[in-house]
Amino acid sequence: VKFTADMTTHGSVDKLGFPSIKLQEKQGSDWVTVKSASNKYAYNSAFHSYSISFSGTSGNEYRVVVEYYSKDGSVSDTKTKTSSVLIAK
C-alpha cells in the first residue's frame with residue numbers, strides 16, 4: 001500500500017510539511033500504527049509532498065493519519081486529517 005500526502009499554499013511560505021504521518025492497519029477493532037514518519041518539511045516553498053509505503057497484507061484495511069503544518073512569519077497553523085480506508089490487493 002502507498003499513501004501520498006500533499007500540501008499546497010497560495011504562495012511561498014517559510015515552512016510547510018508534516019510533523020507526523022502514521023500509516024495504520026486495522027487489527028480487529030483497533031487501528032494500529034505499522035509505519036510512521038516525522039518532521040518532513042519544505043522551506044520557502046508553496047508545495048510539499050511525502051509518500052509512505054508498507055508491504056500490506058491482501059484484504060487488510062489501511063489508512064494514514066497526517067498532521068499538516070505551515071508557518072509564514074509569526075503565523076502558523078496545524079491540522080490533523082485521517083485518510084479514507086484502502087484495502088490492500
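In the predicted model, Ser 84 is in contact with Phe 3, Tyr 62 and Arg 63, when its neighbours within four places in sequence are left aside. Ser 84 belongs to the loop that lies between β4 (75-82) and β5 (86-87). With a relative accessible area of 61%, this serine is exposed, because the threshold for that class is over 50%. The C-alpha atoms of Ser 84 and Val 32 are 15 Å apart in space, and the two residues are separated by 52 residues in sequence.

Phe 3, one of the contacts of Ser 84, also belongs to the largest nonpolar core, which has 14 residues. The residues with the most contacts inside this core are Phe 3, Phe 18, Leu 23, Ile 52, Val 64 and Val 66. At least two core residues are supplied by each of β1 (2-27), β2 (30-53) and β3 (61-72). The greatest contribution comes from β1, which gives 8 residues. In soluble globular proteins, nonpolar side chains tend to be buried together. For Val 66, the contacts beyond four places in sequence are Ala 5, Phe 18, Ser 20, Ile 21, Lys 79, Thr 80 and Lys 81.

Lys 79, listed among the contacts of Val 66, also forms a salt bridge with Asp 77, with 3.7 Å between the closest N and O atoms. The structure holds 1 salt bridge. Side chains of opposite charge can pair when their charged atoms come close. Both partners are partly exposed: Asp 77 has a relative accessibility of 38%, and Lys 79 has a relative accessibility of 46%.

Aromatic pairs in the structure number 4. One of them joins Tyr 41 and Tyr 43 in a tilted arrangement, with 6.5 Å from centre to centre and 55° between the planes. The pair formed by Tyr 41 and Tyr 69 is edge-to-face, because the planes of the rings are at 75°, and the centres are 6.0 Å apart. Since Tyr 41 lies in strand β2 and Tyr 69 in strand β3, this pair ties together parts that are 28 residues apart in sequence. Tyr 69 is buried, at 16% relative accessibility, because the limit for that class is under 20%. Through ring pairs, Tyr 41, Tyr 43 and Tyr 69 are linked into a cluster.

How values were computed. Residues are numbered from 1 along each chain as its sequence is written. This is a predicted model: local features need pLDDT of at least 70, side-chain atom pairs count only at pLDDT 80 or more; totals for chains, interfaces and linings use all residues. Side-chain values use heavy atoms; hydrogens and water are left out. A salt bridge is a side-chain nitrogen of Lys or Arg within 4 Å of a carboxyl oxygen of Asp or Glu. Buried means under 20% relative accessible area, exposed over 50%, partly exposed in between (1.4 Å probe, protein chains only). Helices (H or I, at least four residues) and strands (E, at least two) are DSSP runs, numbered from the N terminus. Contact means heavy atoms within 4.5 Å. A nonpolar core is a set of buried Ala, Val, Leu, Ile, Met, Phe, Trp, Tyr and Cys residues joined through side-chain atoms within 4.5 Å. Rings of Phe, Tyr and Trp (its six-membered ring) pair if their centres lie within 6.5 Å; planes under 30 degrees apart count as stacked, over 60 as edge-to-face and the rest as tilted.
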